[in-house]
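User: Could you walk me through this model before I set anything up with it? I'd like to go piece by piece.

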Amino acid sequence: MELGYERPEDRPAAPAPLDRVQEFINTRINLRETGDFRDELASPTALRDWLSARGLLPRRAQLGQHDLDRAIAVREGLRAMLARNNDASEATDAEALRALDEAAAMFPLRVSVGAGAEPVLGPAGPPGFEHALAGLLADVVTARSAGLLSRLKACRDPACRWVFYDSSKNRSGAWCSMAACGAASKKRHFTERRRQQRQRG
Ligand SMILES: [Zn+2]
């Protein structure tokens, strides 16, 4: 994919099926340098194509603006949730989380019995948009039960919030990429320290 923007090649994707959730959230990329962004889900058709390319939705499904709005609410709510796995505090994301909660209530989920006689959470109802989004949310809940969700983090830079999987032993990853956001943060701190030193001196 051509992003025209340096993105963390050094980070492994989340293990399946959490990698799909990660990919879904990262359909929006904030361009930290310019404040601009790119969105792969810019229209109902683009959303349909994204989901059907991954086998989550029949190719001929018809999606409307309401579906797109709900998908974006889920995406940005999940991003806010995963920013909490980094350094985000409550005040910044209440609205996004509330919108996610509201959207999620509309997606049908069911518990079935898996091959190993274990309970499996998955989407209910016929294939379609709600089935697809329910599947993504089920993967989030399942990952949380497995202790994997806390490793999925939105980058510490609020202007970025790209979602990465922190595979480090001590779960200390903060930036999507040390070369991009990590370096930019270091530079900001350095400049700030210099400024303070000059003021004191
Ligand atoms: Zn970043």
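User: Let's start with β1 and β2: how many bridges join them, and do they run parallel or antiparallel?

Analyst: Strand β1 (residues 28-31) and strand β2 (residues 36-39) are antiparallel and pair over four bridges, where pairing requires that DSSP finds at least two bridges between two strands. Helices (H or I, at least four residues) and strands (E, at least two) are DSSP runs, numbered from the N terminus. Before going further, please note that this is a predicted model, in which local features need pLDDT of at least 70 and side-chain atom pairs count only at pLDDT 80 or more, while totals for chains, interfaces and linings use all residues. Residues are numbered from 1 along each chain as its sequence is written.

User: Which residue in β2 is the bridge partner of Arg28, and what happens in the turn of that hairpin?

Analyst: Arg28 has Asp39 as its bridge partner in β2. The hairpin of β1 and β2 has four residues between the strands, and Gly35 takes a positive phi near 80° there.

User: And what about β3 and β4, how many residues lie between them?

Analyst: There are five residues between β3 and β4 in their hairpin, and Ala117 in the turn has a positive phi of about 60°. The strands themselves, β3 (residues 109-113) and β4 (residues 119-123), run antiparallel and are joined by five bridges, with Val111 standing opposite Leu121 in β4.

User: OK, zooming out: what is the order of elements in the protein chain?

Analyst: The protein chain has six helices and six strands, and from the N terminus on the elements run α-β-β-α-α-α-β-β-α-β-β-α. The C-alpha trace spans about 70 × 40 × 30 Å along its principal axes.

User: How much of it counts as buried?

Analyst: Of the 201 residues of the protein chain, 29% count as buried; a residue is buried if 20 or more other C-beta atoms lie within 10 Å of its own, exposed if 12 or fewer, and partly exposed in between, with C-beta atoms placed from the backbone.

User: Which residues have the most contacts inside the largest nonpolar core?

Analyst: That core has 40 residues, and those with the most contacts inside it are Leu78, Leu82, Leu133, Leu137, Cys155, Val163 and Cys176. A nonpolar core here is a set of buried Ala, Val, Leu, Ile, Met, Phe, Trp, Tyr and Cys residues joined through C-beta atoms within 7 Å. Elements that give two or more residues to this core include α1 (18-25), α4 (94-104) and β5 (152-154), and the largest share, eight residues, comes from α5.

User: What does Leu78 touch, leaving aside its neighbours within four places in sequence?

Analyst: Leaving those aside, Leu78 is in contact with Ile25, Leu100 and Val140, where contact means that the C-beta atoms of two residues, placed from the backbone, lie within 7 Å.

User: Switching to α2, which of its residues are buried, and why are they on the same side?

Analyst: The buried residues of α2 are Leu47, Arg48 and Leu51. They are on the same side of α2 because they cover an arc of only 100° around the axis, the arc being that of the directions from the helix axis to the C-beta atoms. These buried residues pack against α3 and α5, whereas Thr45 and Ala53 are exposed on the other side of α2. Gly55, whose phi is positive, near 70°, follows α2.

User: What is the phi of Arg161, and is the residue buried or exposed?

Analyst: Arg161 is not a glycine, although its phi is positive, about 60°. Arg161 lies in the loop between β5 and β6 and counts as buried because it has 25 C-beta neighbours inside 10 Å.

User: And Arg171, buried or exposed?

Analyst: Arg171 counts as exposed because it has 11 C-beta neighbours inside 10 Å. Arg171 is found in the loop between β6 and α6, with a positive phi of about 55° although it is not a glycine.

User: Last one: how far apart are Met178 and Asp10?

Analyst: Their C-alpha atoms are separated by 9.1 Å, while the two residues are 168 residues apart along the chain. Met178 is found in helix α6 and is partly exposed, with 15 other C-beta atoms within 10 Å.
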